[in-house]
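Welcome, and please take a moment with the sequence and the model below.

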Amino acid sequence: MRATQVAFNQAASYCAQVAWDEGITNKNTLHHRVYGPTRLNFGLGAQLACCARDKAAEAVRAVRAAPEHRDRDTDTMMAKTCPTFRDDSSVRYDANSYTLKSRDRVSLNTLSGRVIGQLVLGDFQRAHLYDMSWSIGGAELFRRANIWYLGITQTKADPAPDEPTGWLGVDLGIVNLATDSEGETHTGADVERTRQWYMGRRAALQRVRTKSAKRRLKRLAGRQRRFQKDTNHRISKRLVEYAQRTARGIALEDLKGIRVRVRVRGPAQRARHSNWAFAQLRAFITYKAQRAGVRVVVVDPRYTSQRCSGCGHTERANRRTQAEFCCVVCGHAAPADYNAAINIERAAVNQPMVSTRTHPRAG
Ligand SMILES: [Zn+2]
C-alpha cells in the first residue's frame, strides 16, 4: 500500500505538471495526454491512473481559480506555482476502484492487485455506512502514525422541508452568540473567556520570535478554531432541534446585517468579532436545518436592532447600549438581541412565502 501511495502521488504530480505546462483545463484532453505515460512509468492500473489524473486536474484547477497572494516581505504579487504531491499524500479511490465487502471489509486497488482491509468502524460510521438511504461515493486513503484511514464520501438528498407553522427568529450577536425570539440565549461567555485567554497567550508568543514560538502559535490558533467550531456545532444543533420539535422554520438576518450592526473599534475589538465564526455558525444552522427538513429564510437586516418590538418605533436612540434596548416612545425595554430576534421573526412572518410545494387544486 505504501508503494501504491508513492507511485500514485508521483503520477499525480506528473499529471499536474503536464496540465500546468501545457495549459490543459479539460479532464478529457489531459486524459489522452497522460494516460499512457502514467500507466507505463508509474505502474498504475487503469483505474488508479484515472484517479491520479483527477486528483491532479482538480488541484491545478483550484490553484488557477484561487486569488493571487501578495508577498508580505517584498510586497509583490506571488506567482502561482504548479501543485505537487508529497509521497505520503492521500490516494484517491473513485467508486470503481474500491469495494466495500461484508463484515466491515474493504477491497482496495493497489500496484500488486487488490488488498483486503479490515475497517474499524465507530458507531457513527457504522450507522451511516449501512444506511441504504446514503449513497456511497469516492474515498481518500491516507496514513497517520502508521494507521491507514479511509475517508468515504456519502451523499443523500435533502428531505423536502416541512411547511412551517411559524418562525423562530434568531439574532446572532457577540455577548450571546445566538438569541432566539423566545428569549432563549445561547451564550458566548465561555467562548469569550477562552478567546481572551488565547489572545493573551498569543501576544506573549508573538513577542518571542523563535521558531518554536511560531510553531506553538500555529497550534494555539488551531485549538481556538476547534473550540469555536465545537461551540457553533452545539448551538446550531440545539436551535435546529428546537425549531423541528415546534414545527417552525428558522429566520436569520441577511449576512450583511451582522457587519453593519457590529461596529468595530480598534484592533482589540476587531479581533473579537471574527467574521468567520459567525459565518460558520450560520452555515452550520443552515445545513443542519436542511438535513432536518427545517426551512430557513433570510430577512432584510435593516433596522432590526433599532426597531421597537413593542410599538414599531424605529430610532437609533432606542438602542441605549450594545446590550440594552429601550424604546424612547413607549418605554418598552428588553435585552437588545431578544428585541432583534423578535423583529427577525416578524420579518419572516411578513415576507411573501415562496413555497417549493405545489398544492393541487381540489376538483
Ligand atoms: Zn416602542
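## Ground rules

This is a predicted model, in which local features need pLDDT of at least 70 and side-chain atom pairs count only at pLDDT 80 or more, while totals for chains, interfaces and linings use all residues. Residue numbers start from 1 along each chain as its sequence is written.

## The chain overall

You will find ten helices and 13 strands in the chain; these are DSSP runs numbered from the N terminus (helices H or I, at least four residues; strands E, at least two). Of its 363 residues, 30% are buried, meaning that 20 or more other C-beta atoms, placed from the backbone, lie within 10 Å of the residue's own.

## Helix α6

Helix α6 covers residues 211-245, 35 residues in total, and reaches 51 Å from first to last C-alpha, close to the 51 Å expected (1.5 Å times one less than the number of residues). Its buried residues are Q224, Q228, T231, N232, I235, S236, L239, V240 and A243. In general, residues three or four places apart in an α-helix point the same way, because there are 3.6 residues a turn.

After α6 comes A247, with a positive phi near 55°.

## A three-stranded sheet

Strands in the order β2-β3-β4 form an open sheet with antiparallel pairing (a pair needs at least two DSSP bridges). β2 (98-101) and β4 (113-118) are the edge strands with a single partner each, so one side of each has no neighbour in the sheet.

Four bridges join β2 to β3 (residues 105-110), and L100 has V106 in β3 as its bridge partner.

Notes
Buried ≥ 20, exposed ≤ 12 C-beta atoms within 10 Å, placed from the backbone.
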